[in-house]
Amino acid sequence: MTTTDARRAPGPAQVTAAMRAVYVAFIGAGFAFASWASRIPQVRDRLDLDPAALGLVLLALAAGSVIALPLAGTLIGRIGSQRTVVVMALTLAAALGVIALGSVSTVAVLAVGLFVMGFANGAWDVAMNVQGAVVERHLGRVVMSRFHAGFSFGTVAGALLGAAMVALGVPVPAHLTGVAVLVAVAVPLAARAFVPDVDTGTDGEPAPQGSALAAWREPRTLLVGVVVLAFSFAEGTANDWLGVALIDDHGTSETVGTLGFALFLTAMTLARWFGGSLLDRYGRVPVVRLLAGLAVVGLLLFVFGSPTVAFLGALLWGAGASLGFPTGMSAAADDPARAAARVSVVASIGYCAFLAGPPLIGLLGQQVTVLRALTVVAVLLGIAVLVAGSLRPLPAEPRAEV
């Protein structure tokens, strides 16, 4: 590295400020999403939506994300992760305003708001992961899992606020408008502390960005995507079906079923917060393989054990599923010049699991019960173990001295 390059590298104080800003971005994304999700029952009742109609409306949110994720790499390559987060936070805040209006007017307005929210959330997600990987690289230690734990904390805060708003009788439009203002102010202000996505050369110009389309043809990137898909499937399936399986197949009460799901989320959040030290000490591949095995053990205990044993299974399942997604994001961003494109590809593959998982388990559940259908997760995690070698850090490429 030349003296000029060194001067352009962010200092420790800048990196620390950027780390805090990334936490705000992750927490804000989780908070915004959970704030909307916490009011779905009231919106459903206000618009008189049956389950099928509600499912179609919610599909608009997923459709927006699916369209945004493959495009996010190109967008970030052009304007950077900082501007992308700022633009998408403002866009998502505006979408919350539209959703607030749609919640008391028409389904069409609500669907438009949800589509825009999904689009903004998808691009925001990729951009904050790219910046998180940049910060992680400058720090020289694993922090990506903690950023994802921050997202979990944000969802908890959003859900708790939503519950309080319901208890206090605050109308949905007032609640969501308030959240929109908070997001529109807090996240763009925090993002000002982001550091550049790539190092600059001696001419002050950024290193060239990799093509998003080319990243779809890279075997390592696709294999990292498979790992992320398997862990996303393990996480998403639990989000949608763990409580249902406890209530319907294990015969627990609704309260106990909810507590089982809460235990899963708690285990996942804590493992993400404290798991970085394991990755620093033992490396990505052995830790991810170990956790995949732990998730499989937990899943099998959940499926084949008694209701009491199922709670232990939920705990192990949550801990085991915790680090696959954030570790995949770090692996995709190993090369800063191609980070945006690769993170976009890996995130797109991973999010397919969140979309395909619920209906797949539902279809299988009609044939063999939801509980038995969950064993599909173990198969995917087994595949992740086989291809986890793709998570190894890329060898550092020597930089030419000028």
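**The largest pocket and its surroundings**

Analyst: With 9 residues, H4 gives the most to the lining of the largest pocket. This is a predicted model, in which local features need pLDDT of at least 70 and side-chain atom pairs count only at pLDDT 80 or more, while totals for chains, interfaces and linings use all residues. Residues are numbered from 1 along each chain as its sequence is written, and side-chain values use heavy atoms, with hydrogens and water left out.

The space in this pocket comes to about 2000 Å³ (the volume filled by probe spheres set on grid points, which are joined across faces, edges and corners). A pocket is an open set of points, on a 1 Å grid over the protein atoms alone, where a 1.4 Å probe fits and protein lies on both sides within 12 Å along at least five of seven lines; lining residues have an atom within 4 Å of a point. Here 49 residues form the lining, and those closest to the pocket's centre are Phe-33, Ala-37, Asn-239, Asp-240 and Phe-354. The elements that each supply two or more lining residues are H2 (12-37), H3, H4, H5 (107-139), H6 (144-168), H9 (219-248), H10 (254-274) and H15 (339-368). These are helices, meaning DSSP runs of H or I with at least four residues, numbered from the N terminus.

What is the lining made of, by class? It has 31 nonpolar, 14 polar and 4 charged residues. In this scheme, Ala, Val, Leu, Ile, Met, Phe, Trp, Tyr, Cys and Pro are nonpolar, Asp, Glu, Lys and Arg are charged, and the others, Gly among them, are polar.

Now for the pocket's place in the chain. The chain is divided into domain 1 (13-195) and domain 2 (210-392), with bounds from an automatic or database domain assignment. The pocket lies between the two domains, because both give residues to its lining.

Let us zoom in on Asn-239, one of the residues closest to the pocket's centre. Asn-239 sits in helix H9 and is partly exposed, at 33% relative accessibility. The cut-offs are under 20% relative accessible area for buried, over 50% for exposed and in between for partly exposed, using a 1.4 Å probe and protein chains only. Setting aside neighbours within four places in sequence, Asn-239 contacts Phe-261, Phe-264 and Leu-265. From Asn-239 to Phe-194, 45 residues away in sequence, the C-alpha to C-alpha distance is 31 Å.

Asp-48 lies in the loop between helix H3 (40-47) and H4, and has a positive phi of about 55° although it is not a glycine. Asp-48 is exposed, with a relative accessible area of 68%.

Finally, the largest nonpolar core has 107 residues, and those with the most contacts inside it include Trp-36, Trp-124 and Phe-147. H4 (residues 51-102) supplies the largest share of this core, 16 residues. Apart from neighbours within four places in sequence, Phe-147 is in contact with Met-19, Val-22, Tyr-23, Phe-26, Gly-132 and Val-135.

Terms used:
A nonpolar core is a set of buried Ala, Val, Leu, Ile, Met, Phe, Trp, Tyr and Cys residues joined through side-chain atoms within 4.5 Å. Contact means heavy atoms within 4.5 Å.
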